[in-house]
Amino acid sequence: MLGAQINPLIAFCPNNNEVHIYKMLEGKWEKIHVLHKHDQLVSGIDWSRRTDQIVTVSHDRNSYVWSQEASEWVPTLVILRLNRAALCVQWSPKENKFAVGSGAKTVCICYYEQENNWWVSKIIRKRHDSSVTSIAWHPNNILLATTSTDGKCRVFSTFIKGVDTKHTSSGSDSKFGELKALISFILQRIVLYLFTYLIVSVTLFAVQQIMQLDLSRSWTFGIRWSPSGNTLAYAGHDSMIYFVDEIGPSPSAQSVAFRDLPLRDVLFLSERMVIGVGYDCNPMVFAADERGLWSFLRFLDERKQTSNAKYGSQLSGTFGKLYGQSKSGSNEANESSRTRAHDNCITSVVPLKKTRDATVTTFTTAGSNTFQHLMDGKVVTWDLQQQQDLMEYLQG
């Protein structure tokens, strides 16, 4: 299950080729729409808050932008030109374009052409060595960060003439001044492209890889920018989470290892706090101290365990989580494991409520329902205002 939410509506895919839209009516969630246009599994959904449009991508290699007309949602096909499955999608902060990651080792930057009345895409090619697992837009609407199963994290400039303005391309933070130094290099590449590629559009698409990080030795997932855009966080399949500052030629990075199962997605709640979700079925809280050093703080869904419960070794417990079984020999421990909000892997975390300074106080998590013996299929809302020990990291 994956989804996008705009209060009081929620859109999600129930692990098939449909998108269901629910609305809160009299304290209960009621299904009001079913979007069915894709032929295979829907792998990505994002809902724009300004234009009220939903973008979906699927393993059928297609993407649709859904607009509500009267009481119906009308799809518009997006030309992706992919030969492999589309895996993830996200609107840019200004919602004038969106990015699609794919199994074809490419990223599509899609935007709307008023003249032709359709959605088109420009493709970032030959930059990734494997599937693109997640994408994240920088607040300046130009920089795009990606993770991949090749173990690398990359940051690109995706300026499109006629779509982006010169003001946004330069960025508002001095840490991204490296873009100015790259202008001459981009112009040289454009001249080269004139001789090597056929020009089929007058739109200028200046793609430049700003940075590549080789911190992880495994697949990488779940990348996000901090509210200010000064810090980048992403997760590795080796039970590591990485924090990167000073984006540019000489970035500074921190690697935080934890003894629990790997993460699948991350979310900045503030400049000093990150939520990580994944195979432990329980959101993890990471926080930075006054010196900017990140560390694991605690599980968000903490539960009290009885003192007489007999637990196996840490290794057997980890394998128990992987196989969906409890390795403890106590019924009380089994009952405790069932009191968690999620029973299966948490695949996504989405912000629900933000303050004026972009701090997230309420968010939702969606659980996987891939395996029949461990069905979860839940969307859980978390309100951090009830977590008093975490408020200092939200306010800092």
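Visitor: Which strand order does the open sheet of four strands have?
Guide: In this predicted model, the open sheet of four strands runs in the order 17-18-19-20, with antiparallel pairing. Two strands pair if DSSP finds at least two bridges between them. Strands (E, at least two residues) and helices (H or I, at least four) are DSSP runs, numbered from the N terminus.

Visitor: Which are the edge strands?
Guide: Strand 17 (220–225) and strand 20 (252–257) are the edge strands, each pairing on one side only.

Visitor: How do strand 18 and strand 19 pair?
Guide: Strand 18 (residues 231–236) and strand 19 (residues 240–245) are antiparallel and share six bridges. Ala235 stands opposite Ile241 in strand 19.

Visitor: Changing topic, which residues have the most contacts inside the largest nonpolar core?
Guide: They are Leu269, Met273, Ile275, Leu300, Phe363 and Leu384, in a core of 19 residues. Such a core is a set of buried Ala, Val, Leu, Ile, Met, Phe, Trp, Tyr and Cys residues joined through side-chain atoms within 4.5 Å. Buried means under 20% relative accessible area (1.4 Å probe, protein chains only).

Visitor: And which elements give two or more residues to this core?
Guide: Among them are strand 21 (263–270), strand 22 (273–278) and helix 6 (391–395).

Visitor: What rules apply to numbering and confidence?
Guide: Residues are numbered from 1 along each chain as its sequence is written, and side-chain values use heavy atoms, leaving out hydrogens and water. Local features need pLDDT of at least 70, side-chain atom pairs count only at pLDDT 80 or more, and totals for chains, interfaces and linings use all residues.

Technical notes
Buried means under 20% relative accessible area, exposed over 50%, partly exposed in between (1.4 Å probe, protein chains only).
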